[in-house]
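Subject: Structure handover

Hello,

Here is the structure for your files.

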Amino acid sequence: MSAEVAAEIPKGNGWEPNILAFCCNWCSYAGADLAGVSRFQYPPTVRILRVMCSSRVEPAFILKALKDGADGVLVAGCHIGDCHYIDGNKNAEIRINNTKKALAKLGLDGRLRLEWISASEGLRFSEVIRDFTEEIKKLGENPVKEVKK
Amino acid sequence: MKGSVAVVGGGIAGIQAALDLADSGFKTYLIESRPSIGGVMSQLDKTFPTNDCAMCILSPKLVETGRHPNIELLSYSDVKSISGKAGDFKVKVVKKARYVDDAKCTGCGTCTEKCPTKVLDEYNAGMSKRKAIYIPFAQAIPRVATIDAAKCMYLTKGKCGVCKKVCGPKAVDYEQKDKEIELDVGSVILATGFKPFDPSALSQYRFDHPDVITSLQFERLLSASGPTQGHVTKQSDGKVPQKVAFIQCVGSRNPRIDRKHCSSVCCMYATKESIIAKEHDPELDITIFHIDIRAFGKNFEEFYNRAQKEYGIKYINSRPPEVIVDAKNSLSMKYEDFNSGELKTENYDLIVLSIGLDPSDSTQGIARSSGIALDDFGNIATSIANPVETSVPGIYVCGVAQGPKDIPDTVAQASAAASKAASLLSKERGTQIKERKFPEEKKLSPDPRVGVFVCHCGINIGSVVNVPNVVEYAKTLPYVAHAQEMLYACSSDSQVTIKEAIAKNNLNRVVVASCTPRTHEPLFQNTCREAGLNPYLFELANIREHCSWVHMKEKEKATAKAKGIVQMAVAKSALFQPLYKQQVSLINKALVLGGGVAGMTAALDIAENGYNVTLVEKEKELGGMLREMTELYNGKKPEEVLKGLLRKVSENKNITVLNEAKLEKVEGYLGNFKGIVNARGKEIPVDFGAAVIATGARNFEPAGLFGYGKDSNVITQAQLEKMLGKGTSANTITMIQCVGARNKEREYCGRTCCTDAVKNAIRIKKANSKASVYVLYRDMRTYGVNEKLYENARDLGVIFIKYDVERQPIVQNGSVVTVHDSMLNEDIEIASDLVVLSTPLVAGENEEINQLFKIPLDKNKFFLEAHPKLRPVDFATDGVFLCGSAQAPKLMDEAISQASAAASRACTILSREFIETEGAVSVVNEAKCIGCGTCVTMCPYNAPSLYDATVKAEEVTYTTKKSKINPAACKGCGSCAAACPAGAIIAQHFSSKEIGEAIDAFDKGVKSISIGKDMVEVTV
């Protein structure tokens, strides 16, 4: 990347976080859709990757995302009890909490979040993104990510 | 008896009715007078209260209707007469001469381009020009040109002939004549819609002035496909207006011109149009002049509140008598602010007349020619108990032809009408239909060749995201063999374009960058199938809901993000493999939860369609809230309706009623649910293929409000209703509206309370004309034809006093009511014998059912439907449907319509011979599987199981456990794949490889794109 090009990258005040969000198809992805339909504005710091269930998210995906350039990873699913696949989100909760512990040991505390966002919580989706963005900003850039050329 | 139905009218009502019927095994003729289906909804920019783009949600339905093998579209055709009887009707249809052979026309548009004659464009409400040969709008179905015979130079003067000369396929035929055909059908559904009121009849509003326009014209101005591409400008000078006023009830609530009805939708569309206009131009100053604001539907009150608080739209309670045009041709209005009594004069740049809904000419014409009764307002007459049945058995009605209503109520009624027609003809189901055929799938070449189609969505995406820039970027991505932009990717011509691009570029993966897969994936998947591609080779990149709509003010960043989203989609899609669904049997039985009027109606409709139903009621007896009612708002007795329903339910052999019963457990999925109902302590297993939730709601108890619970003279409207069964001796009755509603705690409007109050006020006055009845209200919301009740009440001497939310009435000792009359601006004291509190319905115990079926609730704990506009009785979960007050408060006829609608939707499933399982299921890589059984413990559906496998390794043969997954049971959640310690399970379509590629692309998309002035530079 040339210096000239790099200078043109829209950066706000220097650096903006890069968040990857795994959203389950039935609740959180729909919640993100509702945020859109309702025009609830939030910072363009997040990319959404749709999975059918939050329980699909493997720790390896999270680690890969952090290694490859994410400053934060959000996993969002249905509220406990609302899971389209009965209790997939409970499995996700166990798995994500374990991954959080591992990340803490790697010095990546606070960069992984698990949220329950329902299909009717468009506002909450936008708030979660705003809040997580602010939190990551406080933490600063992810120290372990490899910036690819 | 015939297995076919004629649906008259191709607006959203007719479309929904036709789709339901065609999906449940009936040949359907859809007859539309205009050149294209779509009706008035096709002209709308957005829909309230979610501001969903109207065309975006309608277009997939248009395409589906046009493609359906069991729907025969007769567009540009009028119904001349209907004769015969239920089961055997003859419908005479005139196919008007298009002067274009629709079999030959490809819709290429060359004729339109070359035609020299310009004509006012009715699609843009007369604010732009179209050609004499035209296709009405971009998403038109059928996409066929039509010659406007009254304006065509060749047909009127014998000159020109350009269109014929330029037409490649030789489709233009000046000799074409009107053709009369006769259809033999078993039933007819009238969905003839409405005619927007013509405000020229009210000369005081100066519709002759170019800057006085109708709300439909304003809607077109807001639309990206409108005459100004979405920029609100004045017709007089093309300048941007600063001050805009809406005048409500133009052609509604006006006895002087014989328009006594409320048009039901104008308050909300004016609110919507104001919000959209403010989104386009935040500097706009918008005032809405109104009588009452009727925000009665689900989430309407919240929408109205947002309009005021977030968008600063002013609502003034006043009806300006006239629009004044001065010597300089500028506009002003004098009005009296009803709230302050002040006389004011204001200048405006643009005045929008919120025009009402008149019965359409075809409604009147068909009713006359075919002997169908009309009501006092000119709508097709129906009754509360049978809201879709006309005076002629076998002919049904839905939508605004039956009375003014909004889109979801129209859609529900359309499904209801379909249910009635289907039950009448249930013995003939499947006799006249054919299967949908797709071409054989192309052999997949080893290298991925991805086609990327980036949608402008009018201006929904294009005004924020630089679409051409995204296209250029997409072209640089690995595997992309083709990329292009589209104005509306979902329109029918775009489907043709996509298919052509697939063929021409030999594409084997398709990415459409537009909106959410939750609504649009099936449409594009079908397009892929028609082009010989497996539907699982398709991916949607959501750059609207997740990008342009949420980053409206950050255009550059939004463009960069859109590129990132596209890149992730492309990377993932390159790994996609064809997947196939399996056909499994289903249980052709239904479960209905709740035995009120909605539940009983739903159960009866399903049973009359020929399927077994188990009706579960928690109380000892069926009837629900109908038992609490003592009079319907048409003066009829509820007992008669109840008795009729109870008799029909008990006589129907297809219905099993379980009283004092509760659904305790449910498992399974669409087509194959297994439940356990506890009825009087006994556990009864119930298997079913589809379920209807009709569990109703309950009355709000206003404990502690206005002395309720302390003073026995303070009662609720529901208690008064019961009391009036015997009559009351009270002489002065004061009703207070909106108790426990439209407040901080419960923001929504109770919808039914105004109609209930007015009905009971009339009953009191009719029984005792000397009684004094006061109704203290904030807005009287007797919408639609119930406006006549409000008028009757005033005629009978019921006194209506408007109070302000900030100055609540005060009740002392349960008798003396003090209210500040906000119109007279003074306090009034009413010594009352009875104080009646009108309270809203609140959600019942929905939390248990929501857990059982995994169906969502809204913030007020009512059930959340799949889509507020076009899927009002569906859930996002397949096979489960919703009706009645469990969804939101509603009047009885509305609950009945919804119940029939839910039945119709359920029958589209129950009528199938098989259901298709999920294609994107998980599979086990046997070589990697270590037989640990983690997947078995993980799966909630028992899809994986272990078996003894014989493994040969080198020279050793041994037996070990291996897992296999039953594809019919697998739901594709991918939980097992995430848990498998050996990485032996592949969650197809969401495999580690596919997701991994997307994660890889996620980084690249962000890090290395830069946007120059009009160039994009990419470093991957």
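This is a predicted model: local features need pLDDT of at least 70, side-chain atom pairs count only at pLDDT 80 or more; totals for chains, interfaces and linings use all residues.

Chain A

Chain A has 149 residues, of which 60% count as buried. Its secondary structure consists of five helices and four strands. Read from the N terminus, the order of the elements is α-β-α-β-α-β-α-β-α. Among the contacts in chain A with a separation of 6 or more, 79% are between residues 24 or more positions apart.

Cysteines

How many disulfides are there over all chains? The count is one. The disulfide is formed by Cys27(A) and Cys78(A), with the sulfur atoms 2.5 Å apart. That distance sits at the cut-off itself, since a disulfide is taken as a pair of cysteine sulfur atoms within 2.5 Å. The link of Cys27(A) and Cys78(A) is right-handed, with 100° about the S-S bond.

Cys249(B) counts as buried because its relative accessibility is 9%. For Cys935(B), the closest cysteine sulfur is in Cys929(B), and the 6.3 Å between the two sulfurs is again too far for a bond. Cys935(B) is buried as well, with a relative accessible area of 8%.

Interface of chain B and chain A

On the chain B side 67 residues are in contact with 62 residues of chain A. The two chains bury about 5,600 Å² between them, and 58% of that area is on carbon and sulfur atoms. Four salt bridges are found across the interface. One of the salt bridges joins Lys557(B) to Glu16(A), whose closest N and O atoms are 2.7 Å apart. There are also 20 residue pairs in polar contact between chain B and chain A, counting pairs with both residues at pLDDT 80 or more.

Several elements of chain B each supply at least two residues of the side that touches chain A: helix H13 (517-530), helix H14 (544-548), helix H15 (555-573), helix H21 (846-853), helix H24 (975-979), helix H25 (992-1007) and strand E53 (1009-1011). Which element gives the largest share of that side? H25(B) does, with 10 residues.

Nonpolar cores

The largest nonpolar core has 112 residues. Within this core, the residues that touch the most other members are Ile189(B), Val452(B) and Val566(B). Apart from it lies another core, of 74 residues, including Ala412(B), Val592(B), Ala771(B) and Leu910(B). Leaving out residues up to four places away in sequence, Val452(B) touches Ala474(B), Val480(B), His482(B), Ala483(B), Gln484(B), Val511(B), Val566(B) and Val570(B).

Ala474(B) is also one of the buried residues in helix H11 (residues 467-475) of chain B, along with Val467(B), Asn469(B), Val470(B), Val471(B) and Tyr473(B). The N-terminal end of H11(B) is capped by Asn466(B), which has a side-chain oxygen 3.1 Å from the backbone nitrogen of Asn469(B).

Two further residues of chain B

His290(B) is in strand E17 (residues 285-290) of chain B. Is His290(B) buried or exposed? With 4% relative accessibility, His290(B) counts as buried. Not counting residues up to four places away in sequence, His290(B) touches Gln248(B), Tyr315(B), Ile316(B), Asn317(B), Ser318(B) and Asp779(B).

Ala97(B) is placed in the loop between strand E7 (88-95) and helix H3 (110-114) of chain B. Its relative accessible area is 6%, so Ala97(B) is buried. Neighbours within four places in sequence aside, Ala97(B) is in contact with Tyr76(B), Gln176(B), Lys177(B) and Asp178(B). From Ala97(B) to Ile909(B) the separation is 812 residues in sequence and 39 Å in space, C-alpha to C-alpha.

Regards

Terms used:
Residues are numbered from 1 along each chain as its sequence is written. Chains are lettered from A and ligands numbered from 1 in the order in which they are written. Side-chain values use heavy atoms; hydrogens and water are left out. Buried means under 20% relative accessible area, exposed over 50%, partly exposed in between (1.4 Å probe, protein chains only). A nonpolar core is a set of buried Ala, Val, Leu, Ile, Met, Phe, Trp, Tyr and Cys residues joined through side-chain atoms within 4.5 Å. Contact means heavy atoms within 4.5 Å. Buried area is the accessible area (1.4 Å probe) that two parts lose on being put together, summed over both. A salt bridge is a side-chain nitrogen of Lys or Arg within 4 Å of a carboxyl oxygen of Asp or Glu. A polar contact is a pair of N or O atoms within 3.5 Å; within protein, one must be able to donate a hydrogen and the other to accept it, and residues adjacent in sequence count only if both atoms are side-chain atoms.
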